[in-house]
2 protein chains.
Amino acid sequence: MAIRSFSERTLTAEVLRRVRRAPDARLRQVMASLVRHLHRFVREVRPTPEEWFQGIRFLTDTGHWCDDRRQEFILLSDTLGVSMLVDCINHGGGGAATESTLLGPFYVDGAPRLPMGSNIIRPGTPGAPCEVSGTIRNARGRPVAGARIDVWEAQGDGLYDVQKPGGLNARARFRSGPDGRYAFRCVRPVSYPVPHDGPVGKMLRATGRLPMRPGHLHFRIAAPGCETLVTHLFVRGDPYLDSDAVFGVKRSLIVEFRRNRNGEYAARYDFVLRTAAKKTSRKKP
Amino acid sequence: MAIRSFSERTLTAEVLRRVRRAPDARLRQVMASLVRHLHRFVREVRPTPEEWFQGIRFLTDTGHWCDDRRQEFILLSDTLGVSMLVDCINHGGGGAATESTLLGPFYVDGAPRLPMGSNIIRPGTPGAPCEVSGTIRNARGRPVAGARIDVWEAQGDGLYDVQKPGGLNARARFRSGPDGRYAFRCVRPVSYPVPHDGPVGKMLRATGRLPMRPGHLHFRIAAPGCETLVTHLFVRGDPYLDSDAVFGVKRSLIVEFRRNRNGEYAARYDFVLRTAAKKTSRKKP
């Protein structure tokens, strides 16, 4: 038996030889690409053992900050531009459909179902009252009735419900009307910092970056025959539109939040959903 | 103000522009390299949103498995060949010095200090009795007196003390004698699986890899004026020498564990320490 010793020059080839035994073709591809790029990174920065251990500790801390209410690895992915890159790769098609942007770490499946026009804000919540309305249409321009619309946002203090005690607030699920229309009341979105009391906050500070996101309202819109749309509406004029800590802004998603005579705000946006890819309909018998 | 929307083509440049603001030059270099290679990996595998989330969940689980006694991120680094790559980068110099290999996840700072010749094994521990001895010399061939020698190993059942209840066992700290000699009693190292009940074990199974390591004894040897040596001695003839799950075997570290007439084993190894790099002595006034 020839016992091999690996050198910096020969080690990567051996790791690749091992991960290429994966029976699943996609896993084989992902693992081989991961090993190649990870090793190239290490070869390029040539970490000392102490730096390597600092990296181990950073990843461990990031994992320890994750729980039911906080997803520090999503935040890391967001702040390193990885989440938006995955978004661009999957939804970069262009065309007439509404552009997507990232889901973020604050989506909650199972928000309260409210009737059209309801206020998603509980009384006493900080923030300026606001109405948002518009239509949901498909790629052929037809109104989409009964689309499931999830909306969520930070409150006037810049915090999401899951970042403080008091239960669900400033989030809801609606159905679009027979004419494809939707409408609800909320608070005008404000700019806020992403959670920066954990490892990702340390990384942002160490690299001289601001944790700020421009004010925005989250949407997730699902309807049969359409591709599910995950996106935001951003507030025109927000000072952080050009320095979003998670690179999520797209010009077409910036909306005027107009102040009415009664001092309340109103915004309108018409969403256009893409036709679902074949892959989804393959599930049907 | 020109609000930019980023595409798959332009996003990486913007993320790089942001991380290059880091005031610390080394951090700037590491972050820029990380972003370039991470984005190249994502661009190459083109993950679906579901695959991206699978990655987030894998990292989160790996973090949640880490505690005082288990370091799943080190295990991940070990099994992806990253730890050995860092070792090769830092200690790949060749020459007469003893070759290094990885620290592994089971080192404990503060093992019991024992006098020369002691048994590091508590009575009743599974395994075949064994004596290990030899000398510690410096790069000029002189015996190193008073070197601090940490040794640790899995017991005859393939488990380290920290993997089961019962306190510290099969690990100790010695000092080399005035003639540079060391000697202690232990159990003959056996091949064993790395911990594979967590996310790394899942990864190994999914890629069709065995979790096995060939039998080995860990050493960490520190002495003034010398580079600290982290290494193993491997058992000649072990069936896993050529398929170590963490790529740690080096030919020069394979040692005969000879069976004596009394049925006990004995191994000899003479260590040669490298002269400490300038960096270490810079600390002196």
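The axes of helix α3 (residues 49-64) of chain A and helix α4 (residues 72-79) of chain B come within 9 Å and cross at roughly 125°. The model is a predicted one.

**Relation of the two chains**

- Chain A is superposed on chain B by a rotation of 180° with 0.0 Å of shift along its axis, at an RMSD of 0.0 Å.
- The two copies are therefore related as by a two-fold rotation axis.
- Within chain A, G63(A) has the C-alpha nearest the axis, at 1.9 Å from it.
- The copies meet through the same surface, because 100% of the interface residues of chain A are also interface residues in chain B.

**Contact of α3(A) with α4(B)**

- The crossing in which α3(A) passes α4(B) is right-handed.
- On the side of α3(A), the residues in contact are W52(A), F53(A), I56(A), L59(A) and T60(A).
- These residues meet F73(B), I74(B) and S77(B) in α4(B).
- By class, the residues of the contact of α3(A) with α4(B) comprise six nonpolar, two polar and no charged.

**Contact of α5(A) with α2(B)**

- Helix α5 (residues 82-91) of chain A and helix α2 (residues 25-45) of chain B have axes that come within 10 Å and cross at roughly 25°.
- This crossing angle makes α5(A) roughly parallel to α2(B), because angles under 35 degrees are counted as roughly parallel.
- As with the other pair described above, handedness can be assigned: α5(A) passes α2(B) in a right-handed crossing.
- From α5(A), the contact involves V82(A), L85(A), V86(A) and I89(A), while α2(B) contributes L38(B), H39(B), V42(B) and R43(B).
- The residues of the contact of α5(A) with α2(B) fall into six nonpolar, one polar and one charged.

**A sheet in chain B**

- An open sheet in chain B is formed by five strands in the order β3-β2-β7-β8-β9, with mixed pairing.
- Its edge strands are β3 (171-175) and β9 (254-255) of chain B, each of which pairs on one side only.
- Strand β2 (residues 148-152) of chain B runs antiparallel to strand β7 (residues 216-222) of chain B, and five bridges join the two.
- I149(B) has I221(B) as its bridge partner in β7(B).

Methods
Residues are numbered from 1 along each chain as its sequence is written. Chains are lettered from A and ligands numbered from 1 in the order in which they are written. This is a predicted model: local features need pLDDT of at least 70, side-chain atom pairs count only at pLDDT 80 or more; totals for chains, interfaces and linings use all residues. Side-chain values use heavy atoms; hydrogens and water are left out. Axes are lines fitted to C-alpha atoms, for helices over the stretch in contact, and angles run from 0 to 180 degrees between N-to-C directions. Helices (H or I, at least four residues) and strands (E, at least two) are DSSP runs, numbered from the N terminus. Angles under 35 degrees count as roughly parallel, over 145 as roughly antiparallel, 65 to 115 as roughly perpendicular and the rest as oblique. A crossing is left-handed if the near helix is turned anticlockwise from the far one by less than a right angle, and right-handed if clockwise. Contact means heavy atoms within 4.5 Å. Ala, Val, Leu, Ile, Met, Phe, Trp, Tyr, Cys and Pro count as nonpolar, Asp, Glu, Lys and Arg as charged, and the others, Gly among them, as polar. Two strands pair if DSSP finds at least two bridges between them. Copies are superposed by least squares on the C-alpha atoms of residues with pLDDT of at least 70 in both.
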